[in-house]
Amino acid sequence: MKKFLSNEKVKKILYGILAFVLGLCITLGSICAILRFTVLNKGFLSDTLNNSNYYTDLCDEITDDLINLGDASGLDKSFFEGFIDEVFVREDVQDYINKFYSGEKLKVNPRHFNESLRAALDTYIQSKHMSSKDYSQSNVNYFINEATKIYTKNIELKYFDAIQNIIAKYSLRLTVALVVCCIIAVAACLVFIFTNQWKHKSIRYIAYSVGASALLTLIIPLSVYISGALNKLTIISRSLNDMYTTCLNSLLVDVMIVSGVLFIFYAALIILHNKIRTKAT
Amino acid sequence: MKKLKSKSLKTIKKFTLYPLLLCVLMLLSLLAVSAPFIGNAVSVAGMFMSDKQVDYSKAYDNIFVPTDKDSETVSAEDVEFPGIGKQFGELSVSGTNVDAKLFFGDGKVPLRNGVGIYAGSFIPGYGRTILVAGHNNTFFNGLKNVSKGDVVKISTSYGNYKYTVTGTKLTTDEDKSAYDLNSKKENLILYTCYPFDSIGLTNKRFFVYAEKTSGPTITGLYE
């Protein structure tokens, strides 16, 4: 057995397998870490929305839909121009995001919108010198309900209810996978270091794994960018399309950054390997 | 010196080839493990992907070119069938101030800029039902003054049509008997929300019915 283990060829094969496992752990661990600090992080989504045109586009879309409703409800286009307050829209979307991450039932609270619409309608009716005979309160209520439905539908982040289920299901598993990957990676490095008489050899195997991981993590964003998949994204609303594109883009950029860090680490390991080897010889 | 150079080359080779080989092996094994899920993931992603980029602009295409042609028939080959959201004609009603651009499709953009034919119905000349929607506060506001015998004119690039109003009906948006999309006779139905000039919304709809009196029939449609 001892002879078998001391055989250089067998040793090389075993180290090769270990380098493969280490590479997989580094790659999977990196992906888990990226997901943990992006998709599963409330701040990431909020920052992405704040840094994109999401809110401006969303306000335009809500206004557009409401003008359309107004055309069927005796209200001029001017009534809705400037009516949607971006501050309230931001608050309602943020509230929705908070519920998304806290696992609460995803529901929009349109209280602000409802109150503002009722107040604006009262002012409009007064300005037109209309009496209660000129309109039916039930028709006005019907209109307010429809307008609220439009507002709510626009504030809701589409497909987030499905994503929430996935996140709830896999969040813990992702953390466990991250920890397991880290433990295996550290263990593999220790095996390399303590079972090699020549330290530069252990550094070499670790460098192989890091280099392979750097390449693999680079392949993922590159293949997405080269296929042009992001430009093919088709979601019916401009704001949502922007949001999903920006989120995916940020995610891919993060993967590329991690790949870059791994490449730097790889280069450092090569330099270290050469230094130790030169010293040893 | 030569020995040192070959040693450096060997090192470079090692640090390029081995990581590359490992990377390929890792990629293949990851693909093998995720193979059962890849098909589903690609299918789901396909639902949100399209080769054609979505057009979010509020602009619309106009294929309408006025014509003086006065023939009784027009070949389907000579008709440019409108795509959804395209303006392909104009519609006016005598005795009212209804005078609007006519679109195929009754989405947001058409109804903001004129009136639109429901895409599940037919265009003029087809010999079937033409169901046209418009907003009661804008382009179809004038329908409140429509009366029996009024003439609805539709101009398209392939011919000019006239329809005579035969009646009106006030009903709800759930009343499917208000229109017959399977009718084999060319008939025009205009509809809008009700009441006119009042704030608020109801589920009431105001329908105007008209029968074709002149205009070319499109031939060669089912050949």
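Analyst: Begin with α10(A): 29 residues, and 42 Å from the first C-alpha to the last, close to the 42 Å expected at 1.5 Å a residue. The expected span is 1.5 Å times one less than the number of residues. Helices are DSSP runs of H or I with at least four residues, strands are E runs with at least two, and both are numbered from the N terminus. This is a predicted model: local features need pLDDT of at least 70, side-chain atom pairs count only at pLDDT 80 or more, and totals for chains, interfaces and linings use all residues. Residues are numbered from 1 along each chain as its sequence is written, while chains are lettered from A and ligands numbered from 1 in the order in which they are written.

User: What follows α10(A)?

Analyst: G228(A), with a positive phi near 70°.

User: How do you know that the length of helix α9 of chain A agrees with its residue count?

Analyst: Helix α9 covers residues 160–195 of chain A, 36 residues. At 1.5 Å a residue they should span 52 Å. The end C-alpha atoms are 49 Å apart, which agrees.

User: Where is the kink in α9(A)?

Analyst: The kink is centred on Y170(A) and comes to about 40°. The bend at a residue is the angle between axes fitted to the seven residues ending there and the seven starting there.

User: Which residues of α9(A) are buried, and what do they pack against?

Analyst: C181(A), A185(A), A188(A) and F192(A) are buried. The buried residues of α9(A) pack against α2 (8–37) and α10 (199–227) of chain A.

User: Why is L35(A) called buried?

Analyst: A residue is buried if 20 or more other C-beta atoms lie within 10 Å of its own, exposed if 12 or fewer, and partly exposed in between, with C-beta atoms placed from the backbone. L35(A) has 20 C-beta neighbours inside 10 Å, so it counts as buried. L35(A) sits in helix α2 of chain A.

User: Which residues does L35(A) contact, beyond its neighbours within four places in sequence?

Analyst: L40(A) and L174(A). Contact means that the C-beta atoms, placed from the backbone, lie within 7 Å. The C-alpha atoms of L35(A) and T175(A) are separated by 9.8 Å, and the two residues are 140 apart along the chain.

User: Is Y159(A) buried or exposed?

Analyst: Exposed: Y159(A) has 12 other C-beta atoms within 10 Å. Y159(A) lies in the loop between α8 (137–155) and α9 of chain A.

User: What makes the phi of Y159(A) worth a note?

Analyst: Most residues other than glycine have a negative phi, and most peptide bonds are trans. Y159(A) is not a glycine, yet its phi is positive, about 75°. In chain B, D197(B) is also not a glycine and has a positive phi of about 50°. D197(B) belongs to the loop between β8 and β9 of chain B. D197(B) is exposed, because 11 other C-beta atoms lie within 10 Å.

User: Which peptide bond is cis, and where is P195(B)?

Analyst: The bond from Y194(B) to P195(B) is cis, with omega near 5°. P195(B) is in the loop between β8 (187–193) and β9 (204–214) of chain B.

User: Why is chain B called more spread out than a compact globule?

Analyst: The radius of gyration is taken over C-alpha atoms, and the globule rule is 2.2 Å times the number of residues to the power 0.38. For 223 residues the rule gives 17 Å; chain B has 30 Å, well over that, so it is more spread out than a compact globule. The C-alpha trace of chain B spans about 105 × 45 × 30 Å along its principal axes.

User: How many residues does the contact between the chains take?

Analyst: It takes 31 residues from chain B and 39 residues from chain A. On the side of chain B that touches chain A, α1(B) gives the most, with 10 residues.

Methods: Two residues are in contact if their C-beta atoms, placed from the backbone, lie within 7 Å.
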